[in-house]
Structure formats: structure tokens, C-alpha cells
Amino acid sequence: MEFALIFCVAILLDNILGDSLRITHPVVLIGRVIDFLRARISRIFKNADFANGLLICVCVVAMSGVTAGFLLGIFPEKLRFIAKIYALYAAIAWRDLKDETFVIYESLANHDLELARKFLARVVGRDVANLDEGGISRAAIETVGENSVDAIFSVMFWALIGNLLNHEYGAYICVWLFKAASTLDSMIGYEKFGRFGFCSARLDDAMNFLPARIGGFAIIFAGKIFGNNFADCLRIFLRDRLKHKSPNSAHGEAAFAGVLQVRLGGGAYYSGEFSAREFLGAEFREAEALDILRAHRLLDISASIFAIMCVLIAICV
């Protein structure tokens with residue numbers, strides 16, 4: 001019962017406060033450790049990028065897990081409950097995901113495309129200079145759909161898995177093992193650093209594999225609240241969920257496309273070079289600004305479904 005209470009309080013705090021309590025965000029600290037080690041480990045094995053990448057991956061993940069357990073262990077027993085809440089609260093980015101994309105909607109609603117592109121550039125890697133309202137809206141919704149997995153679903157999933165291990169700190173150690181893997185992928189993943197980032201990218205893929213698929217079904221179930229036909233949404237999801245090169249990233253986007261009935265995906269420019277991708281929900285209309293708010297509502301409902309499922313499992317098992 002303690003975990004279920006901590007889980008609910010952490011989610012509630014994230015939705016109310018967002019990033020305001022994360023004075024020095026642990027993810028930022030993990031990023032600094034990665035930068036520190038990258039500059040030094042790359043010299044250990046000459047011309048062996050894979051070995052160097054494997055070493056940095058093991059070091060960062062192990063350090064994150066050990067640090068999480070150690071810090072929780074040294075807290076006085078009376079304060080440990082609060083520390084556990086913070087450990088989970090700091091890992092969730094539900095409110096932040098909406099905040100980062102809401103300012104894009106506001107800019108579009110005020111017909112300020114330049115400001116919308118500026119805010120969009122903070123959350124996507126594609127070139128934004130020539131995007132119109134439809135392209136900006138589509139990219140914002142894709143950001144919500146894709147990051148619903150690693151920002152919310154995977155954090156909840158690994159917290160639950162850790163709790164099922166029956167270790168007092170298992171939930172929080174597992175969460176920060178996942179956050180370390182996610183940060184490694186975003187900083188030195190295979191797409192950016194070739195063989196050096198291969199292990200980090202594959203570890204992130206493995207840890208997101210089940211949450212992406214379970215989360216996709218949660219989004220489809222949330223579609224019923226939108227009044228959509230479950231079978232139609234499921235068909236789009238199952239048809240389009242593997243259309244990206246990443247084994248996981250299209251799951252959230254395909255589910256969002258099916259429920260919102262907007263066309264996502266398609267090609268985009270990255271550093272001036274065109275990268276071709278298939279459309280998700282190709283038969284649907286182009287996205288518009290108001291669809292960003294609809295995506296936020298869908299995120300809230302689907303993440304709530306996922307959270308309720310985790311709480312019920314934690315209580316019953």
C-alpha cells in the first residue's frame with residue numbers, strides 16, 4: 001500500500017507543480033556524468049568505439065542505480081517516505097510534456113508562426129524554419145505521442161516492476177536505471193554516435209519495449225472516451241506502429257494518429273537533409289493547432305488509465 005500511495009502522490013505533484021521542485025534535476029546530473037565519462041572513456045580502448053560505448057553505458061547505469069539506492073538509504077527513516085516520493089516525482093515528465101507543447105499551441109493561436117517554430121525547436125530535432133501551421137502542429141503532436149512512452153509510461157512501468165521485486169528501494173532504483181538508459185540514448189544514441197552509442201540505444205529500446213506496447217493499448221482504450229470506434233483505432237495502431245526505424249517510437253504516434261484521426265509522420269528535414277518516413281494514419285486530415293490540445297487530453301486520459309492499472313497491480317499482487 002505504501003508504494004501505491006507514493007506512486008499517486010508523485011504523479012499528483014508532477015501534474016500540479018511540473019518542474020518547479022526539481023531545483024537540480026537528477027537527469028541533468030546524469031547528463032554531466034555522461035559528458036565527463038565520454039571525454040575520458042573514449043581514450044581507454046583505441047579505435048574500439050563499441051567497447052568504449054559498452055563501458056560508458058554500464059558505468060552510467062550502474063552509478064545511477066547505486067546512487068538512487070544509497071541516497072534513499074541514508075535518509076532518516078522519518079523522511080524516507082518523502083525521499084521516495086521525490087525519487088519518483090523527479091522521474092515523471094507528464095506536466096512538462098504538456099507545458100513544452102502548450103506554448104506551441106498558444107503561439108499558433110496568436111498567429112505567431114516564428115514564436116511557434118522557436119518553441120518547437122526546443123523539443124524536436126528536425127529543421128523548423130519552413131514549417132507551416134500544419135507542420136508545426138503535426139510535429140508537436142508527434143512529440144506528445146512519442147514521448148508519452150519514455151516520459152510517462154516507461155517510468156510507471158519500471159516503478160511497478162521494481163516494486164514487485166519486494167525490495168524497499170526496488171521501485172526507485174529501477175526507475176533511475178531506466179532514466180539513465182533514456183538519457184544515454186538521447187545523448188550518445190546510435191543515430192548520433194554510431195557504434196559508440198549502439199549499446200545505449202539498444203538498452204533504451206529494450207527498456208521501452210513493453211511500455212510502448214502497453215501504453216499504445218492504453219491510448220486506444222482512451223479513444224473510447226473520445227467516442228471513437230475501438231476497432232478502427234486499433235486497426236490504425238496495429239498497422240502503423242512499426243513504420244519507424246526505432247522499434248518503439250511509432251507506437252505512441254500511431255495510437256495518437258488513430259484516436260485523433262490526424263495524419264502524423266511523413267518526411268522531414270534534419271540539418272538540411274531530407275529524411276523520408278511513412279505516414280501514420282495516412283488517410284486522415286492534416287493536423288491543426290487545436291489538435292495539440294486534443295493530444296493533451298488524450299495524454300491525460302491514457303496516462304491515467306496506465307497509472308490506475310499500475311496501482312491496481314501493486315495492490316493486488
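How many positive and negative side chains does the protein chain have, and how far apart do the centres of the two sets lie? The protein chain has 32 positive and 33 negative side chains, with the two centres 4 Å apart. Lys and Arg count as positive and Asp and Glu as negative, while His and the chain ends are not counted; each charge is placed at NZ of Lys, CZ of Arg, CG of Asp or CD of Glu.

The model is predicted: local features need pLDDT of at least 70 and side-chain atom pairs count only at pLDDT 80 or more, whereas totals for chains, interfaces and linings use all residues. Residues are numbered from 1 along each chain as its sequence is written, and side-chain values use heavy atoms, with hydrogens and water left out.

**Figure 1. Overall fold of the protein chain.** The secondary structure comprises 13 helices and four strands (DSSP runs numbered from the N terminus: helices are H or I of at least four residues, strands E of at least two). The C-alpha trace spans about 55 × 50 × 35 Å along its principal axes. A compact globule of 317 residues would have a radius of gyration near 20 Å, and the 20 Å of the protein chain agrees with this (taken over C-alpha atoms; the rule is 2.2 Å times the number of residues to the power 0.38).

**Figure 2. Burial and contacts in the protein chain.** Of the 317 residues, 50% are buried (under 20% relative accessible area; exposed is over 50%, partly exposed in between; 1.4 Å probe, protein chains only). Among contacts between residues at least 6 apart in sequence, 71% join residues at least 24 apart, a contact being heavy atoms within 4.5 Å.

**Figure 3. Tyr86 and Tyr89 in helix 4.** The whole structure holds nine aromatic pairs (ring centres of Phe, Tyr or the six-membered ring of Trp within 6.5 Å; planes under 30 degrees apart are stacked, over 60 edge-to-face, the rest tilted). One of them is the tilted pair of Tyr86 and Tyr89, at 5.9 Å centre to centre and 55 degrees between the planes. The two lie three residues apart in helix 4 (residues 77-89), so about one helical turn separates them. Tyr86 is partly exposed at 32% relative accessible area, whereas Tyr89 is buried at 1%.

**Figure 4. The edge-to-face pair of Phe217 and Phe237.** The ring centres are 5.4 Å apart, with 75 degrees between the planes. Phe217 belongs to helix 10 (residues 198-225) and Phe237 to helix 11 (residues 230-240), so the pair ties together parts 20 residues apart in sequence. Phe217 is partly exposed at 35% relative accessibility; Phe237 is buried at 1%.
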